[in-house]
Amino acid sequence: MTKNEKSSIFLPEHTPLSLTLLVFSGSSIMCVASAIDPLRAANRIAGETLFDWKIVSVDGAPPITTSGLPIAVGGRFDASEKTDVLAIVGGFGTRAQGTAALLSGIRRVARSARAIGGVEAGTWLVARAGLLEGRAATTHWEDMEDFTTAFPEVDVRPDRYIIDGPVFTTGGASPTFDLMLHLVRSRLGMAVALDVASVFIYDQARAATDAQPLVSLGRLDGYDPRLAQTIRLMEAHVDEPLTIAAIARRADVTARTLESIFKGSIGETPGAYYLRLRLGAARRLVLDTRLAMADIAARTGFSSATTFSRAFAKAFGSPPARLRRK
């Protein structure tokens, strides 16, 4: 594929667009729904099928989502079938699914399709197929560091979603919904996109280039900007924690005021919340990666693996190594 803007799917066009969604077990059901439901609503509002999709899996069996619910598929992924768009939806374990045959099939589709993309962990397979070299891309924030290390030739950014020529990538369910609204708006106009958003009572409050947050605050940003600012500082310094006094100074409040804000809004001290935030990040690394415990300790701001293990066991009732073995 080339960066030929004339063939972009993100331009005004009223002809039907065919999409193939390759879904893997371990995906979030919200990612699947976010990719499909805005298009389904657009068809209903337009009164005609302007988006025509097919869901497939590698082996033709229903992929099982993280909630335990299967996704009905229309068959096995067939690289010889023509489609305008191939969207690869992945989640836990998807990064290890890149067999030579599958990657060859993805490259074959990419040569004829108008666009190809990765939703959440689906970006790993797009990259492994060699389709992101020299391009900007994103993936879920939990995978960002590992993805950057694995693909140094990719311009990895923490954006919610990225469109780089014929390739698109998203960081998760909500950014995927944003992307599909952008697709509807680009092809059918703002009025249809607003109607689609209204169907889901959805407010698109973030831009595509906004960084993915470690902590999703939702409407909290509007209610207490000092709390939101403080949490953003904490999540930006998970590996090298700031002191509460330093955080208070940056938020332009006293440490006592900051403690009052946290106790009133969250019910715990800033220090307790910060530790819980770091341990939550550590727990995801313990369960979802094979990183050594010493590396996880360093990534989450603990001075040693022993200190980390002790704090982890106190928080979760089991040392990290034991939890991983389970």
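## Enclosed cavities

Three cavities of 30 Å³ or more are counted in this structure, which is a predicted model. The second largest cavity holds about 60 Å³ of space, and its lining is made up of Thr 20, Val 56, Arg 76, Phe 77, Asp 78, Glu 81, Lys 82, Thr 83, Leu 86 and Val 109. Sorted by class, the residues that line the second largest cavity comprise four nonpolar, two polar and four charged ones.

## The largest pocket

The largest pocket, with a volume of about 840 Å³, has a lining of 32 residues, and those that lie nearest its centre are Trp 141, Glu 142, Asp 143, Met 144 and Leu 285. The elements that each give two or more residues to the lining of this pocket are α4 (144-150), α8 (225-236) and α11 (270-288).

Of the elements that contribute to the lining of the largest pocket, α11 gives the most, with four residues. The lining of the largest pocket divides by class into ten nonpolar, eleven polar and eleven charged residues.

## Strand β1 and its partners

Strand β1 is mostly covered, since six of its seven residues are buried. One of its pairings is with β2, to which β1 is joined by six bridges, the two strands running parallel; within this pairing, Leu 19 stands opposite Trp 53 in β2. Together with α1, the strands β1 and β2 make a β-α-β unit that is right-handed.

Strand β1 also runs parallel to β3, and five bridges join these two strands. Here the bridge partner of Leu 22 is Ile 88 in β3.

## Strand β4 and its partners

Strand β4, which spans residues 115-120, has six of its six residues buried, so this strand is largely enclosed by the rest of the structure. It pairs in the parallel sense with strand β3 (residues 85-90) over six bridges, and in this pairing Val 85 stands opposite Ala 115 in β4. Between these two strands the chain crosses from β3 to β4 through helix α2 (residues 100-112), and this β-α-β crossover is right-handed.

Strand β4 pairs as well with strand β8 (residues 167-170), again in the parallel sense, and this pairing extends over four bridges.

## The largest nonpolar core

The largest nonpolar core contains 37 residues, and the members that touch the most other members are Leu 21, Phe 51, Leu 183 and Val 184. At least two residues of this core are supplied by each of β1 (17-23), α1 (29-46), β2 (51-56), β3, β4, α5 (173-188) and α6 (190-199). Helix α5 gives the most to this core, with eight residues.

Technical notes. Residues are numbered from 1 along each chain as its sequence is written. This is a predicted model: local features need pLDDT of at least 70, side-chain atom pairs count only at pLDDT 80 or more; totals for chains, interfaces and linings use all residues. Side-chain values use heavy atoms; hydrogens and water are left out. On a 1 Å grid over the protein atoms alone, a cavity is a set of points where a 1.4 Å probe fits but cannot get out, and a pocket is an open set with protein on both sides within 12 Å along at least five of seven lines; lining residues have an atom within 4 Å of a point. Grid points are joined across faces, edges and corners, and a volume is the space filled by probe spheres set on the points. Ala, Val, Leu, Ile, Met, Phe, Trp, Tyr, Cys and Pro count as nonpolar, Asp, Glu, Lys and Arg as charged, and the others, Gly among them, as polar. Buried means under 20% relative accessible area, exposed over 50%, partly exposed in between (1.4 Å probe, protein chains only). Two strands pair if DSSP finds at least two bridges between them. A crossover is right-handed if, with the strands pointing away from the viewer, the path from the first strand over the helix to the second runs clockwise. A nonpolar core is a set of buried Ala, Val, Leu, Ile, Met, Phe, Trp, Tyr and Cys residues joined through side-chain atoms within 4.5 Å.
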